[in-house]
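The sequence and model come first.

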Amino acid sequence: PMGSAALNVYGIGTSLTLQVVAALGLVSTLVVPAISKVHAEHGLERAGRAHGLALRATFWVGAAFFVPLAAGGPSLLGYWVDPAFETSAQAWYMWVCVGSFWAALAGSVHGTLLGLGRPRIVALTSLLGIAAGLLVAWALRKQGLLAVAAFGATASGISLLAKAAWLHGRVLQRIKF
């Protein structure tokens, strides 16, 4: 119903943010075996510190990319694709960047949980995020691309919060922001 032009700019904008998420996903890929090894050799406390280091690295590198992208992404899309896309992207592109940033952070927590042998928790928290995203998208369904962007941001955010709450509260036995 939104037309191919709107979906084209959404696809290009999302692809741009997902390139950053994929690059930050390397941290998650490296975290799984590293956390497993640290946990086996040095215990849960050291594994928790290794997780904190990976999460902080993902946060700061992600912020360095996503904050400027959220601020200037619509203008970049206007220059790159079509000036008309700049105005259409203003409403939803920030939410795509926020959702992608949260997805990168969730990937880091995801990697730690897998490294500590908690795949069921990873699956359940991911499904919880998707369910919350679907509810938000359904509530905003008349808003077009904003609803799609809100789905991604909500799904990633809820998944991140649920994974972090489980990891810090149940596994590492310490609650930290």
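The text below goes from the whole chain to single residues.

This is a predicted model, in which local features need pLDDT of at least 70, side-chain atom pairs count only at pLDDT 80 or more, and totals for chains, interfaces and linings use all residues. Residues are numbered from 1 along each chain as its sequence is written, and side-chain values use heavy atoms, with hydrogens and water left out.

The chain has six helices and zero strands, where helices (H or I, at least four residues) and strands (E, at least two) are DSSP runs numbered from the N terminus. Its radius of gyration, taken over C-alpha atoms, is 18 Å, close to the 16 Å given for 177 residues by the globule rule, so the chain is as compact as a globular protein of that length. That rule is 2.2 Å times the number of residues to the power 0.38. Along the principal axes, the C-alpha trace spans about 55 × 30 × 25 Å.

Contact means heavy atoms within 4.5 Å. Among contacts between residues at least 6 apart in sequence, 78% join residues at least 24 apart. Buried residues (under 20% relative accessible area, with exposed over 50% and partly exposed in between; 1.4 Å probe, protein chains only) make up 39% of the 177 residues.

A nonpolar core is a set of buried Ala, Val, Leu, Ile, Met, Phe, Trp, Tyr and Cys residues joined through side-chain atoms within 4.5 Å. The largest one holds 34 residues, of which Phe66, Trp92, Tyr93, Leu113 and Leu167 touch the most other members. Two or more residues come from each of α1 (4-42), α2 (44-80), α3 (83-89), α4, α5 (119-139) and α6 (145-171). Helix α4 gives the most to this core, with nine residues.

Two residues compare as follows.

| Residue | State | Relative accessible area |
|---|---|---|
| Threonine 112 | buried | 0% |
| Leucine 18 | partly exposed | 45% |

Threonine 112 lies in helix α4 (residues 93-115). Apart from neighbours within four places in sequence, threonine 112 is in contact with Val31, Ile35, His51 and Leu167. With the same exclusion, tyrosine 93 is in contact with Gly13, Leu16, Thr17, Leu69, Gly73, Pro74 and Leu77.

Leucine 18 belongs to helix α1. Between leucine 18 and isoleucine 35 there are 25 Å in space, C-alpha to C-alpha, and the two are 17 residues apart in sequence.
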